[in-house]
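Reader: I'm new to this one. Could you show it to me and then take my questions about how its helices pack?

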Amino acid sequence: MDGPNICFRGFANETYYILAEDKSRYADFTGCGNTLNANEPIVRRLILDSLRYWVSEMHVDGFRFDLASILSRDQQGWPMASPPILWDIESDPILANVKLIAEAWDAAGLYQVGSFVGDSWKEWNGRFRDDVRSFLKGDTGTVRALAFRLTGSPDVYQRQEREARAKHQFRDLPRRVYAQRSGLLQQQAQ
């Protein structure tokens, strides 16, 4: 944590960011070296106030949230079944008519396409995009993948199957912590 205090680090580092267990480094669920602690009450208020300002004063009519699954993580980085910030955004009266698009995964492997919290959120489906892109580029072996996406992929169709799969995935999510910037997994002792 050497260097100048930039942004929220100097105000309340442990409040604004998810830190590694030893508190000496930032948890990296974003792939950018730090992860905002979005479900902490003060951070939730900052996010909501910012969104409200952009809608009411700047007339923004929608938002796409990159790596939106980080918004579903708790203070230790574990996925939450009912993340307060996502429900706050969805239920806010000023934000009621804006478009909400979630890139429903994060850089640490949490993939929530088809199971992202709430009713107002629309999901960006990266696997579908990747399969279509590969097919259009003419990559080998892509016809089958694209056919699967178009005719029965559970992350595109079959809401009931998506919900059951999401519950199973959520329950059995491995307990992992990503090391700062190295990309290496460390098994966390239970």
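Reader: Which handedness does the crossing of α4 and α5 have?

Author: This is a predicted model, where local features need pLDDT of at least 70, side-chain atom pairs count only at pLDDT 80 or more, and totals for chains, interfaces and linings use all residues. Residues are numbered from 1 along each chain as its sequence is written, and side-chain values use heavy atoms, leaving out hydrogens and water. Helices here are DSSP runs of H or I with at least four residues, numbered from the N terminus. A crossing is left-handed if the near helix is turned anticlockwise from the far one by less than a right angle, and right-handed if clockwise; for α4 and α5, that makes it left-handed.

Reader: Are α4 and α5 parallel or oblique to each other?

Author: Axes are lines fitted to C-alpha atoms over the stretch in contact, with angles from 0 to 180 degrees between N-to-C directions. α4 and α5 (residues 142-151) pack at about 140°, their axes 9 Å apart. Under 35 degrees is roughly parallel, over 145 roughly antiparallel, 65 to 115 roughly perpendicular and the rest oblique, so this pair is oblique.

Reader: And how are α2 and α3 arranged?

Author: Helix α2 (residues 41-56) and helix α3 (residues 84-91) have axes 10 Å apart and an angle of about 25°. Their crossing is right-handed. The pair is therefore roughly parallel.

Reader: Which residue follows α4?

Author: Helix α4 covers residues 126-137. After α4 comes a residue whose phi is positive, near 90°. That's Gly 138.

Conventions
Helices (H or I, at least four residues) and strands (E, at least two) are DSSP runs, numbered from the N terminus. The expected span of a helix is 1.5 Å times one less than its number of residues.
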